Amino acid sequence: MIKEQLQVTQNLITKSIKDLDENEATIQPDNANNNIKWQLGHLILLNDFLVFENINGENALKQTNAKYFLWGTSPKDFDGNEPSFEELKSLLKEQFDRIFNSLEEQLKKDRNEVIELKNIGITMENFNQSIHFAILHSNRHFGQIVLLKSMIDNEKQS
């Protein structure tokens, strides 16, 4: 069931960003805190952290791209060294393949570091818990991507 949920979410996200280019992905509507590029980068970063914790032996949140896509960041933090939107699309596909191929093994492991989201009362001690949260988190940001895309489309038609 988890694999199916991941597959559906991946398909929806991929379909919604397929026709977007860098320019469209970096449009930030006046009443929005970020843009589609930030949403996608944040989703990828947090999935790496929630599903794997460490990437190439280093905490996912300490990776180079974290400074662009962590909580509290925004497109204002982009300095030209962040991944392009095309690179993020590619990273999303690669990440999904990594998650899909290692999911059964990851679900059985404990996290090195417990995640506590005190503001919403969630504690994740193992990957089974954090992978379930990753699906919820991915769907939340998919919704934000769809909303931003709709706002951009509406602005184009005005």
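**Close-up views of a predicted model**

**View 1. Aromatic pairs around Phe-69 and Phe-78**. The structure contains 4 aromatic pairs; rings of Phe, Tyr and Trp (its six-membered ring) pair if their centres lie within 6.5 Å, and planes under 30 degrees apart count as stacked, over 60 as edge-to-face and the rest as tilted. Phe-69 and Phe-78 form an edge-to-face pair, with 5.7 Å from centre to centre and 70° between the planes. Both Phe-69 and Phe-78 are buried (buried means under 20% relative accessible area, exposed over 50%, partly exposed in between, with a 1.4 Å probe and protein chains only). Ring pairs join Tyr-68, Phe-69 and Phe-78 into a cluster.

The model is predicted: local features need pLDDT of at least 70, side-chain atom pairs count only at pLDDT 80 or more, and totals for chains, interfaces and linings use all residues. Residues are numbered from 1 along each chain as its sequence is written, and side-chain values use heavy atoms, with hydrogens and water left out.

View 2. Confidence is lowest in strand 1 (residues 54-55), at a mean of 87, and highest in helix 3 (residues 36-51), at 97. Helices (H or I, at least four residues) and strands (E, at least two) are DSSP runs, numbered from the N terminus.

**View 3. Charged ends over the rings of Phe-100 and Phe-49**. The charged end of Lys-3 sits over the ring of Phe-100, 4.8 Å from the ring centre. Likewise, the charged end of Arg-111 sits over the ring of Phe-49, 4.8 Å from its centre. The criterion is that NZ of Lys or CZ of Arg is within 6 Å of the ring centre and within 35 degrees of the ring normal.

**View 4. Helix 3 and helix 6**. The axes of helix 3 and helix 6 (residues 127-157) come within 9 Å and cross at roughly 175°. Axes are lines fitted to C-alpha atoms, for helices over the stretch in contact, and angles run from 0 to 180 degrees between N-to-C directions. The two helices are therefore roughly antiparallel to each other (angles under 35 degrees count as roughly parallel, over 145 as roughly antiparallel, 65 to 115 as roughly perpendicular and the rest as oblique). The residues of the contact between helix 3 and helix 6 comprise 15 nonpolar, 8 polar and 1 charged; Ala, Val, Leu, Ile, Met, Phe, Trp, Tyr, Cys and Pro count as nonpolar, Asp, Glu, Lys and Arg as charged, and the others, Gly among them, as polar.

**View 5. The loop residue Glu-53**. Glu-53 belongs to the loop between helix 3 and strand 1. Its phi is near 70°, a positive value in a residue other than glycine. Most residues other than glycine have a negative phi. Glu-53 counts as buried because its relative accessibility is 3%.

**View 6. Ala-25 and Trp-38**. Ala-25 is placed in helix 2 (residues 22-25) and, at 0% relative accessibility, counts as buried. Ala-25 and Trp-38 are 13 residues apart in sequence, and their C-alpha atoms are 8.4 Å apart in space.

**View 7. Gln-5 and Asn-139**. Gln-5 is part of helix 1 (residues 2-17) and counts as partly exposed, with 33% relative accessibility. The C-alpha atoms of Gln-5 and Asn-139 are separated by 9.8 Å, whereas the two residues are 134 residues apart along the chain.

**View 8. Ser-102 and Lys-156**. Ser-102 lies within helix 5 (residues 85-107) and is buried, its relative accessible area being 18%. Between Ser-102 and Lys-156, 54 residues apart along the chain, the C-alpha separation is 42 Å.

Methods
pLDDT = per-residue confidence, 0-100.
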